[in-house]
Amino acid sequence: MKVVTSNQMKQIEENSLAFDLTYARLMENAGSAAAAFIRRLTRVEGLNCMVFCGAGNNGGDGFVVARRLFESGANVVVVLVDGVPSSDAAQSMFELLERMEIPVFSLPQDREKIDSCSAQADLIVDAIYGTGFHGHLAGNARVAAGIIADAIAAVIALDVPSGVECDTAKAGEGAVKADFTIVFDSLKPVHVIPSAQEHCGKIETVDIGIPREAHAGIPSVFSDITMDMVTADLPVRDPDSHKGTYGTLLAICGSERYRGAASLAAAGALRSGVGICKVASVPAVCDAVAARLWEPVFLPLPASESGGILAERAVSMLRDSVQAASCILFGCGLGDTEDTFSLLAYTLRSAKTPVIVDADGINALAGNINIIQEANVPVILTPHPGEMARLCGVETEEIQRNRVGYARDFAAQRGVTLVLKGHETLVASPDGRVLFNRTGGPGLAKGGSGDILAGMIGAFCAQGIPPESACTCAVHLHGLAGDRAAARRSEYGMLPSELLEDLCDILLSCQL
């Protein structure tokens, strides 16, 4: 599944000009392919069809559709939403339309005639904006979208339903809701983001004659995480190796109130192959982890009155461990306190290796997000939707409506790798790419699941796996282990700690 942004699609079209194509040829191909798809859907002879055309090249595509449907015997009316398009290619298509004497109405001048036609329409084609829309529908476009919504007709959008942003899938008020969206050449983000499904309807991708060579050097911005990706990124262990080969993870985690978080994070890291896991926490947490796990190394730190780590005294004790770590995991169960923020600020400023910020570390960031910019190392954030909402200063419901948009924008603007947990956990990279994970289910919706995931990411980073790959491997394996645990124990009864045995079975099956 290759998915490209609106700018990437423009580059692909520009690249195609080197292969004896023109913008007019591409427009003709797009409109003709769309009309051919419509003819496959239904017999168009005698149907009443309206084509709403905007002032951009999407409107030009609409002119071609109108012409082709007219040639097939449909009763066609074209509505100009904002006048005749200005590009040479679109103007040439409009001139062909006029020569065929296809009726053309304009908003708002011909509103009465347009309303009369819409009351009788069987099929409406939305060619108002395409990939070029941003913001909110206004003016004639808003009026046109309202007419489309009120009509009792099948609605087909060209490339992107008008009123929906191509790259974020954010839908403005009154955005067109299509029954079908005909996609030209390549899928765009809007076509794969779940929140846009109600606007796109069924998706059909059509070939518009662009050669494969025009896509060279343009990566997909979205893709699914697969097991093949995981096994390619996780190296087979070298027979001539030792514990130092596989890195040291420093886990600054836990408090007297949340002792299990550090234990689960450490267990997740150790089961994911890290050479050494050092738990830095208050004595009560160190004792709790040591009672369950014999493998970690411990750095006991002074406790505050609230039971968390006392930052003022802990900083000097952490210095050598921070400098020596291959990766640092910060936040699981630390508590949302001023000490946590002070420790986080120190860690981000001092770290020489990747830092993973989870749970209360993310809550600490929400109060002073600019501290991220002081880090000189890769930073990974692993928020659930509520934590993401606090980072972005919006309600959780807003995050859920536009998970991909918020994650992608945040990762790009802050220069971090972001794991937004939840249904189909996604990994957003600083370069704008987003990977979707399809493993896992509601059985993972229990306290402690995220701690194991954070430990797994930390382990993979400590072994030298790049941040994005470490995250994609961890979320896929974590979800797959969750699926297997649910099959054994049920989604109700499974415990996060039970994922670890399933994780081992999965790694064994992969000969890792």
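Analyst: The questions below concern a predicted model, and each answer sets a value against a cut-off.

User: Why is G386 called buried?

Analyst: Buried means under 20% relative accessible area. G386 has 14%, so G386 counts as buried. This glycine lies in helix α15, residues 385-392.

User: What makes α15 mostly covered?

Analyst: Six of the eight residues of α15 are buried. They are P385, G386, E387, M388, A389 and L391. These residues pack against α14 (360-366), β14, α16 (396-401), α17 (403-414) and β15. Just after α15, G393 takes a positive phi of about 70 degrees.

User: How far apart are G386 and Q400 in sequence and in space?

Analyst: They are 14 residues apart in sequence, and their C-alpha atoms are 9.4 Å apart.

User: Why is A145 called buried?

Analyst: The relative accessible area of A145 is 3%, and the cut-off is under 20%, so A145 is buried. A145 is found in helix α6, residues 139-150. Leaving out residues up to four places away in sequence, A145 touches L137, G174 and V176. A145 and A175 are 30 residues apart in sequence, with C-alpha atoms 6.6 Å apart.

User: Which residues of α2 and α3 meet?

Analyst: Among those in α2 are M27, A30, G31, A34 and I38. In α3, the residues include N57, G60, V64, R68 and L69.

User: What makes β8 and β11 edge strands?

Analyst: The sheet is open and has ten strands, in the order β8-β17-β16-β15-β14-β13-β12-β9-β10-β11, with mixed pairing. β8 (222-224) and β11 (297-300) each have a single partner strand, so one side of each is left without a neighbour in the sheet. Neighbouring strands are turned by 20 degrees against each other on average, direction ignored.

User: How do you know that β15 and β16 pair?

Analyst: Two strands pair if there are at least two bridges between them. β15 (residues 417-420) and β16 (residues 426-428) have three bridges, so they pair, in the antiparallel sense. L420 stands opposite L426 in β16.

User: Which helices pack on this sheet, and how do they run?

Analyst: Helix α13 (residues 338-350) touches β9 (248-252), β12 (327-330), β13 (355-357) and β14 (379-381). The direction of α13 makes about 165 degrees with that of β12. Helix α19 (residues 467-489) lies across β14, β15, β16 and β17 (434-436), at about 15 degrees to β15.

User: Which residues have the most contacts inside the largest nonpolar core?

Analyst: They are L365 and L381, in a core of 118 residues. Leaving aside neighbours within four places in sequence, L381 is in contact with V357, L365, I372, L391, F410, V416, T417, L418 and V419. A second, separate core has 44 residues, including I12, L69, M93 and A127. In soluble globular proteins, nonpolar side chains tend to be buried together.

How values were computed: Residues numbered from 1 in each chain as written. Predicted model: local features only at pLDDT ≥ 70, side-chain atom pairs only at ≥ 80, totals over all residues. Heavy atoms only, no water. Helix = DSSP H or I, 4+ residues; strand = E, 2+ residues; numbered from the N terminus. Axes fitted to C-alpha atoms, helices over the stretch in contact; angles between N-to-C directions. Contact = heavy atoms within 4.5 Å. Core = buried A, V, L, I, M, F, W, Y, C linked by side-chain atoms within 4.5 Å. Buried < 20%, exposed > 50% of the residue type's maximum accessible area, 1.4 Å probe, protein only.
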